[in-house]
Amino acid sequence: MKTGGAGLALALVRDMRELRAPWTAEEIGAFETDVLAGFVLARASAGLADSTIRNDTGHLDLIREWFGRPLWEMRPEDADAYFGRVLRDARPSTRTGRAAALTVYFQFLELRHKIEIYNLTGRVAECPLDEMNRPRASAGPQLRVPPTGEEIERLFSGWREELATCRKFAPAARNYAAARLEADVGLRVNEVRMLDLDDVRWELGRFGKLNVRHGKGSRRKGPKPRLVPLINGAGRGLRWFIEDVWGHLDSDHTRHDAPLLPSERRNADGTARRVGYDALRAGVADAAARHLPEWSGRLTPHVLRHYCASELYLNGVDLISVQEMLGHAWVSTTMGYVHVHRTRIEEAWLAGQERARKRLEGLVR
């Protein structure tokens, strides 16, 4: 709008939705690269773990390789062909994971680049997956039965004895402490490695609590924080690690973002880095191979999480409390973590029969 001496006059305003001249292949390729880089940065900003972001971009790369064109050009019939033929015989987790990555990518496109893509192609970017063709998760049973309590005790007993003579005490003790948190309070491996020293809150509750800031959010919604009580003796083990081991890996416990589980590697300023996933997973795998050989190649941090859920339930903790402990959005998810090794179901049935008998006796009298 222009202003003149005699009054107001309208100026020509260009419609941002107007189609531009066709882009070259090089320009389209550069734009596609920039969009994907923006997607990665946005997901990192939301607090998603690096492994989750890598997993999603890996799915997108595979779809892009099959499609042969920018993904924003995909239509429902393209998704029908890909998920209905190419991934027809893939594992359900692969199908649903790839579909979830494609869906969240199109959410990003629609929120951030809808106008640009329209200017580029003349088409509106819309997710090619809908209620008709979206892959569904398998409804079949997928049990991950953990070791028994006796087996877990044998694992950690052998691991403790090994710490006294191992060549590199500090990293071995760190891996041991991480595995204990996974087995005692059910933390995920990423939740363990992302803890800071400041996240140990000894003053909270009867046993102290962990401020788990990087809890896994459902359906890729980002971090879901929670407070986890240091039950099952987890507080004693954690205090031992902080007081007797932590100083071998890092030196400045007053640093605001000092990791609870430091790496042997250093940042540019000399401070300790945070331990990586691979080190913690390898620590559990190596310990199982030496001290629980029947579980060699099968014991993982996530199996220890299943063990924690099962033990809590077997020791009388109700499902809702187990759900809160593990940070699940749905109690149905928690039910998949609970595996009964002993005779809890039979004993519960007998107890129910006894209660029914007593009620009947009361009626008779």
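Start by selecting residues 301-314, which form helix 11 in this predicted model. Its 14 residues reach 20 Å from the first C-alpha to the last, close to the 20 Å expected at 1.5 Å a residue. Among the buried ones are Pro 301, Arg 305, His 306, Tyr 307, Glu 311 and Leu 314. Step past the end of the helix to Gly 316, where phi is positive, near 95°.

Next, the second largest pocket. Helix 11 supplies at least two residues of its lining, as do helix 6 (149-163), helix 7 (169-185) and helix 9 (234-249). Helix 7 gives the most, with six residues. To centre your view, select Arg 180, Asp 184, Asn 232, Gly 233 and Ala 234, which lie nearest the middle of this pocket among its 23 lining residues. The volume is about 430 Å³. Colour the lining by residue class and you will find 12 nonpolar, five polar and six charged residues.

For the last stop, go to Thr 57 in helix 2 (residues 50-67). Is Thr 57 buried or exposed? Its relative accessibility is 14%, so Thr 57 counts as buried, the cut-off being under 20%. Show its surroundings: leaving aside residues up to four places away in sequence, Thr 57 touches Leu 36, Phe 39 and Val 40. A polar atom of the Thr 57 side chain also lies 3.0 Å from the backbone oxygen of Arg 54. Finally, draw a C-alpha to C-alpha distance from Thr 57 to Leu 102: the two are 45 residues apart in sequence and 9.3 Å apart in space.

How values were computed
Residues numbered from 1 in each chain as written. Predicted model: local features only at pLDDT ≥ 70, side-chain atom pairs only at ≥ 80, totals over all residues. Heavy atoms only, no water. Helix = DSSP H or I, 4+ residues; strand = E, 2+ residues; numbered from the N terminus. Expected span 1.5 Å × (residues − 1). Buried < 20%, exposed > 50% of the residue type's maximum accessible area, 1.4 Å probe, protein only. 1 Å grid on protein atoms, 1.4 Å probe; cavity = no way out; pocket = protein on both sides within 12 Å on 5 of 7 lines; lining within 4 Å. Points joined across faces, edges and corners; volume = space filled by probe spheres on them. Nonpolar A, V, L, I, M, F, W, Y, C, P; charged D, E, K, R; others polar. Contact = heavy atoms within 4.5 Å. Polar contact = N/O pair within 3.5 Å; in protein donor to acceptor, adjacent residues only side chain to side chain.
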